[in-house]
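Let's take a friendly walk through this structure together. Please have the viewer open as you read.

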Amino acid sequence: MNKLLALSVLCLVTPKLVNANQHTIDTLANELDVNYRLISASPKSCPGDEKKCYLSELTLTNPSDLKDTNFAIFFSQLMPIYAVESTHFDISHINGDVHKISAKKHFKGFTKNTPEVIRFYSKDSQITRSEFMPNYIISDRTASDKITARTIKSTHTSIDPDTGLERQPYLAPFTSLAQLRVSKQDQTPWMSPQYLYQTQLKPSLNTAPVSLIPKPSRLNINSADNLVKLSKGLNLSPELANNNALSAALTRLELFGIGHSKTGIPTQLNIDNTLANEAYQLTLAPNAITITASSNTGAFYALMSIAGLVSLDNLSVPSLTIIDEPHFEFRGLHIDVARNFRSKQFILDTLSQMAAYKLNKLHLHLADDEGWRLAINDLPELTEIGAFRCFDLTESECLLPQLGAGIDKSSPVNGFYSKADYQEILKFAALNHIEVIPSLDMPGHSRAAVKAMDARYKKYMQAGEQQKAEQYWLSEANDTTQYSSIQHYNDNTLNVCLPSTYTFIEKVIDELIAMHHEVGVELTTYHIGADETAGAWLNSPACNALKASTPELSSFNGYFIEKVSQLVASKGIKVAAWNDGLGDTNPQNMPSKVQSNGWSMITEDGYKEVHQQANLGWDMVLSTPEVTYFDFPYQSHPEERGNHWAARAIDGYKVFGFMPENLPTHAEIWKTKEHLAYRADDNQARLNQGIKFKGLQGHLWSEMLRSDNQAEYMLYPRLLALAERAWHKADWQLSYAEKGRIYDKQSGVFTTQKQAERDTDWQRFAALVGLKEIAKLEQQGVFYRVPTVAAAFNNGKLEAFTPYPGFAIEVQDKQGTWHAINHIKDVNDAHYIRARSETRVGRSLSLK
C-alpha cells in the first residue's frame, strides 16, 4: 500500500471509529433503561466490617443489541457503594457522591432486552425516594474530551401534571417496611391514611377565629358587633404614608385589597419610646386605627398584623386592641443555596413571607462543597468554576456533577448572585426589617472554594506568576493526608495552617463588608460555619510545623475558628458558627460576642452541648434538627421528600408543639429517629440560672431540592408554625426546670392538662392556616404542601379529614376517576384519597 492510499484509508477509518463511539453514547443515552430498586434499608448482614448498610440493585436493559463496551456510567449515590455483586459490571467511588459503573473485560455488550443486574451494598442508609438522585451520565470509559457525554433519558425526572410534584421513573416503587426501616430496632411507622386517622388531631373549627399568625401577646375584642371594614382602605397619616421603612407592609395590605385612600379609615402612628424596639400596640375601630410603637420595626409589624387579621374573602374584623412583642429577639430562617442554587426571585419571595409572619433573620448559606454562590471582586474563579456543576472530571471548567446535577451548566441547580443581585437582596431584606447573615462555610464544606482557587493557582503558575498564584491558594502541594468528609469528599477542607488561607478569608470578608456598606446595610453578623472537619491535615507539613511551634495547640479546627473569629471581630462584626465546631475552641480565645447555632440532636443528649455554650454567655440560637430542619419529610412515607438522619417526620403540629425553653422535656413527647422512646437526664450540664436562649431558626438545606417549587413545598406551611414559636410563648409551654430532672415517657412534667391546652391552641392555629393563610399563599403563587388525608373505614363508611380545615377531599375509584368524598357510592370502590384546594391537589394515599 502506498503512502497516499494509506493516508486516504486512515482519513476514512479514524473518523468512523470516533463517530461510532459517539454513536454508542448517544444510542445508550436515548435507549438504555435504568431501573434502581432499593431491596432493604436494613439487610440481615453486611459484607465486610460494616455494621450498617443497605442493599440495592441497578438493572440496565437495552432494547437492541449493542456490542460496543467502551462506555462508563456516572451517577450520584449519596452513600458510598462498597461491595458489588455483578457478572459484567463494576462500580467505583469517584468523590463525594459520584460513582462510576464500568464494564468488566469479559462483557461483550448488551443483548436485546436482556437485563444486566448489578446488586450492591452501600454504607449507612437512604430511604426516601428523593435521596435517589437522577441524571445518570454516560460517556466513554476514560471520559475523554473527544466524546460528548450525555444524560440517560430514562434517569430524567418529570413533573406530575396533577400535583406538580416530581416523578422518578427510574426508581422502582417502595412498597414495604424493609425499605423504610433502617435497623432491627427501627419502629418507624408507614404513615398511611389509617395511621394518620389514628394519630392526627381532627380539626374542630370550621371558621377562622379572630386571631393571626403569629399569635399576639394579647388580643382583646372591644366590640364584636362594631366591624372595622378594611375594604374601605386606610387613610394613612403622613408619618405612615411617607415612611419608606413601612412600604413592604403597605404593599402586602394592598395585595389583599387594603390600599391607601383618602376616604379610608384614618390611621395614625404614635411614638412611645418606652416600648421595646419590636413591640407595638394596635387599636382597630370603625372610624380610627391607632398604631403605637417605639420604632419603625414595631409600626411595620403592626401593619403586618392588620394583614394577618383578615381573610381574602372578608376584609372586616371586630373592633379590637392588640398589645404585642416578640418572645425571641432572633427569629430566623436558614436557606442553603450552595448545594442546589435558589433563584434571586425565590429569595425575595421568601423574604416577603418571612416578614409577613415576623421572622427577622435570613441566614444565607452561600458556599459549600457543591457550590460557591456569590461573586467576589478579583476572584472570578469562585463563580466561573465554583458556581457550576457539569461533566468535567478535571474540574477545570466546573465542579463534579454531584447530587445528580447532570451535564447542563444552565440547569437551575447552578448559578450565583452577582454583586448587584446580592445587594438587591440586602436592600429588599432591609425594607422587610430582616437582617441577612451571610455564611461561606469553612474550613470543611469548602470544596467549591478549594477547587476554584486550585484553578486560579494553575492559571497564574502557567503564566509564571508564582507569588500571585499562591496569594489565595487554599491547598498545600506536599500535604498527603487522606481523609473522608461526612459527605465522602477527600478534598473539601481548607488548609488551616497556610497564611494564604487567611489572606483568602480576609479578602472575602472585606468584599462582603464593602457590598453591604455600599447600599447602607451594614454587615453585623457573619457565620463561618466551622463544622464537620474529619481527619484533615494529619500529614500536612505546614500543620506539622505549626504544631511544633505551638505545643499548646490541641485542635487545628479550634485554632482556625479562634483565628477567624478574632479576624471577624476586629472588623466590628459578630461571629457565628455551628455549635460542634465551637466546641473545639478555647472560649477564652474567642471574642466577647459569639453566636452559636445549636444543632446537636436533643434525642442524643445534644441539649447538654447547647446548655454548655449558652452558659458561656454566647448568643444561643436553637437549630434543633428534629424540629427545625425543613429538609426532612413531613411524614415517614417514602414519597415524602427529604433527608432522614435526625428525624423521619416533622409536620406543622410537631413544630407548633416545640418548647424551646426546656429542651430535655421533649423526651416525654418525642421519639428518636427510629421511633423509639428515650430518656433525657438534665442533672448534668444544666442551664445556669438566668440564662436565656437568643432565638430560634428554621433550616432549609438543599441537597434534595433541585427546584424553587420543591423548596417552597418543604417550607410551607411549616414556616408558619416556626414563626408562631419564635414570636409567641404560649401559656402551655414549659419553662426550664429550676432543679435537675430525668424526662421520659412516664415522668409526666408536661401534664395531660398542658397537652390539652396545647391541642386547643393548635386548633386555633390550624384553622387560621387552613381557612385564611393557605388562600394568601395561593394568591401569591407559593407552592405549599397540600396535606395528605387521614382516613379510615368505620361501620361501612369512609371517614376522612386533613390536619388543616378548608381542603376538599377526593376519592379515586377502581376506574381511576376522582370523586368528591361524599359522591362515592360504594366505599369498597375507594382506592386512593387526596386533598384539594382551589388550584392544587395533594399527594394521594392508598386506602388498601
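What follows looks at a helix pair, then at aromatic rings and the charges above them.

Keep in mind that this is a predicted model. On the helix 4 side, the contact is made by A248, A249, L250, R252 and L253, while helix 5 brings F300, L303, M304, I306 and A307. Sorted by class, this contact has nine nonpolar residues, one charged residue and no polar ones.

Now turn to the rings, where the count comes to 35 aromatic pairs. One of them joins F71 and F89 in a tilted arrangement, with 6.5 Å from centre to centre and 50° between the planes. F71 lies in the loop between strand 2 (53-61) and strand 3 (72-76), whereas F89 belongs to strand 5 (residues 89-95), so the pair links parts of the chain that are 18 residues apart. F71 is buried, at a relative accessible area of 0%, and F89 is buried with 0% as well.

Another pair is formed by Y629 and W645: their planes stand at 85° and their centres are 5.9 Å apart, so this pair is edge-to-face. Both residues sit in the loop between helix 16 (625-628) and helix 17 (652-656), 16 residues apart. Y629 is buried at 3%, but W645 is partly exposed at 30%. Ring pairs also link these two into a cluster with W578, W599, F632 and W701.

Finally, look for charges over rings. The charged end of K654 sits over the ring of W670, 4.7 Å from its centre, and that of R785 sits over the ring of Y634, at 4.5 Å.

How values were computed. Residues are numbered from 1 along each chain as its sequence is written. This is a predicted model: local features need pLDDT of at least 70, side-chain atom pairs count only at pLDDT 80 or more; totals for chains, interfaces and linings use all residues. Side-chain values use heavy atoms; hydrogens and water are left out. Contact means heavy atoms within 4.5 Å. Helices (H or I, at least four residues) and strands (E, at least two) are DSSP runs, numbered from the N terminus. Ala, Val, Leu, Ile, Met, Phe, Trp, Tyr, Cys and Pro count as nonpolar, Asp, Glu, Lys and Arg as charged, and the others, Gly among them, as polar. Rings of Phe, Tyr and Trp (its six-membered ring) pair if their centres lie within 6.5 Å; planes under 30 degrees apart count as stacked, over 60 as edge-to-face and the rest as tilted. Buried means under 20% relative accessible area, exposed over 50%, partly exposed in between (1.4 Å probe, protein chains only). A charge sits over a ring if NZ of Lys or CZ of Arg is within 6 Å of the ring centre and within 35 degrees of the ring normal.
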